[in-house]
Every structure is written in C-alpha cells, then in structure tokens.
Amino acid sequence: RGAVHQFGYSVSISNTRVLIGSPGQAAAYLYERIDANNWKAWCKIIAPDGGGGFGHSVSINGEDIAIGAPSEDKDTTNITVNGGGANSIPSAGAVYMYYGASTDWKKMFIHKIVFFKRATGDQFGYAVSISNGKMVVGAPFQDEDERLENPLINAGAAHVFFKRIDGTWWWERILTPGDRTATDNFGVSVC
C-alpha cells in the first residue's frame, strides 16, 4: 500500500460486496462482508492488457462488475486474460467487465469495451454505473453529440449499454444534453 496507489479513489457497494478502485496501481479490490465482524478479501483485479487509469471508476451490481480505465489507449483486438489490444489512441478509454467473485481475477473477466468511434482524449470510462442489466459509461471529453455530429470541444457524452443473455454487454445509445456547450464535460459523473 502506498500514497501513489490511490486506494479508495472510487468505491461501489452492492449487497455484501464492496469494490474499491486503486488507479495509481491500475487495480481494483473486491471484498465481501461475511458477518458483522469479518470481511473476505476476494482478489486484486487488474486489466489483462494494462488498462491505463484502470480503477479510476468502479461499479458493482449483484454479480456484475465494471471497472473504468479512461487513460487506456488500446482497443479490444485479441484481448484475453493474457493480454492483447492494439490500434493505440491516446486516452480514448475503456471499461473492463467482470462477473462474480473469485480469488483469481482471470476467472471473473468477461470482456473489454471501447467505443466504436474512439478518439484521442475522450476518456471513455471516466465514470461508470451498473444497475439491473443496464450500464452508463461517461466520456466527459468526447466532442460529438448522440448522432456523432456537431463536435464541441470536451462537451462530453454518456454511453448506455445493456447486458445480453450470454453475459456480454452491448452498446445501446449515446446521451447528450440538448443545450450542450464546449467544455461541459457531460458524463464526468454517472450514477
């Protein structure tokens, strides 16, 4: 543990489980309350490909876990628990999906999500929230609106995803305010 680890930078709780982000060490930690006096430390969760800023945002809902990495550069090419990623775009961002609890994060990893129209500095994954099979991901430095038009510098956006029957998450739509302006940073926080 160290000052640069930023343990506790982001936190989320669901039922008896707590997910704690530590972006300074590109990690998140999963804990579960066993009884009134005892907590179980399940594991340190990392991104299979490094995940720039991994742990900046975290969300847990039941068994579903999302961890944002807004400084991540690589896409989803050949992502496995052993690494992968290609086509670097600086700070385009990503969200990593996990499921359940284990002492080995590799058994929990589902997949990595990036926006299909990634751009430098969008920071997709800056904020993330899951609830009942839906997920919202903030990209506060994205320039385009919900139609991927009308660019305004750092106006921001929120991306909505839904959970499919196979357990993967699928992009649904982009949300932006009708009165958006440059540097609004819409999506800097989601809940």
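The legends below describe close-up views of a predicted model. In this predicted model, local features need pLDDT of at least 70 and side-chain atom pairs count only at pLDDT 80 or more, whereas totals for chains, interfaces and linings use all residues. Residues are numbered from 1 along each chain as its sequence is written, and side-chain values use heavy atoms, with hydrogens and water left out.

**View 1. The nonpolar cores.**
The largest nonpolar core has 20 residues. A nonpolar core is a set of buried Ala, Val, Leu, Ile, Met, Phe, Trp, Tyr and Cys residues joined through side-chain atoms within 4.5 Å. Buried means under 20% relative accessible area, exposed means over 50%, and partly exposed lies in between, with a 1.4 Å probe and protein chains only. The residues with the most contacts inside the largest core are Leu19, Ile45, Phe54, Ile65, Ile67, Tyr96 and Tyr98. Two or more residues of this core come from each of strands E3 (27–35), E4 (38–45), E5 (57–61), E6 (64–69) and E7 (94–99). Strands (E, at least two residues) and helices (H or I, at least four) are DSSP runs numbered from the N terminus. A second, separate core of 15 residues includes Met97, Phe124, Val128 and Ala157.

**View 2. The ring pair of Phe54 and Tyr96.**
Rings of Phe, Tyr and Trp (its six-membered ring) pair if their centres lie within 6.5 Å; planes under 30 degrees apart count as stacked, over 60 as edge-to-face and the rest as tilted. By this rule there are nine aromatic pairs. The ring centres of Phe54 and Tyr96 are 5.3 Å apart and the planes stand at 75 degrees, so this pair is edge-to-face. Phe54 lies in the loop between E4 and E5 and Tyr96 in strand E7, so that the pair links distant parts of the chain, 42 residues apart. Phe54 is buried, at 0% relative accessibility, and Tyr96 is also buried, with a relative accessible area of 0%. Ring pairs link Phe54, Tyr96, Tyr98 and Phe109 into a cluster.

**View 3. The ring pair of Phe115 and Trp171.**
The rings of Phe115 and Trp171 have centres 6.5 Å apart and planes at 40 degrees, so the pair is tilted. Phe115 belongs to the loop between strand E8 (109–113) and strand E9 (127–131), while Trp171 belongs to strand E12 (residues 169–175); this pair links distant parts of the chain, 56 residues apart. Phe115 counts as buried at 4% relative accessibility, whereas Trp171 is partly exposed at 29%.

**View 4. A charge over a ring.**
The charged end of Lys40 sits over the ring of Trp42, 4.5 Å from the ring centre. A charge sits over a ring if NZ of Lys or CZ of Arg is within 6 Å of the ring centre and within 35 degrees of the ring normal.

**View 5. The two largest pockets.**
The largest pocket holds about 230 Å³ of space. On a 1 Å grid over the protein atoms alone, a pocket is an open set of points where a 1.4 Å probe fits, with protein on both sides within 12 Å along at least five of seven lines; lining residues have an atom within 4 Å of a point. Of the 17 lining residues of the largest pocket, Val11, Ser12, Val58, Ser59 and Val128 are the closest to its centre. Strand E1 (10–14), E5 and E9 each supply at least two residues of this lining. The lining has nine nonpolar, eight polar and no charged residues. The second largest pocket has a volume of about 170 Å³, and its lining includes His111, Phe115, Phe161 and Trp171. E8 and E12 are the elements that give two or more residues to the lining of the second largest pocket.

**View 6. Two asparagines with positive phi.**
Most residues other than glycine have a negative phi. Asn87, in the loop between E6 and E7, has a positive phi near 50 degrees. Asn150 has a positive phi near 45 degrees and is found in the loop between strand E10 (134–139) and strand E11 (157–163). At 42% relative accessibility, Asn150 is partly exposed.

**View 7. Val160 in strand E11.**
Val160 lies in strand E11 and is buried, with a relative accessible area of 11%. Val160 and Val128 are 32 residues apart in sequence and 10.0 Å apart in space, C-alpha to C-alpha.

Notes: Grid points are joined across faces, edges and corners, and a volume is the space filled by probe spheres set on the points. Ala, Val, Leu, Ile, Met, Phe, Trp, Tyr, Cys and Pro count as nonpolar, Asp, Glu, Lys and Arg as charged, and the others, Gly among them, as polar.
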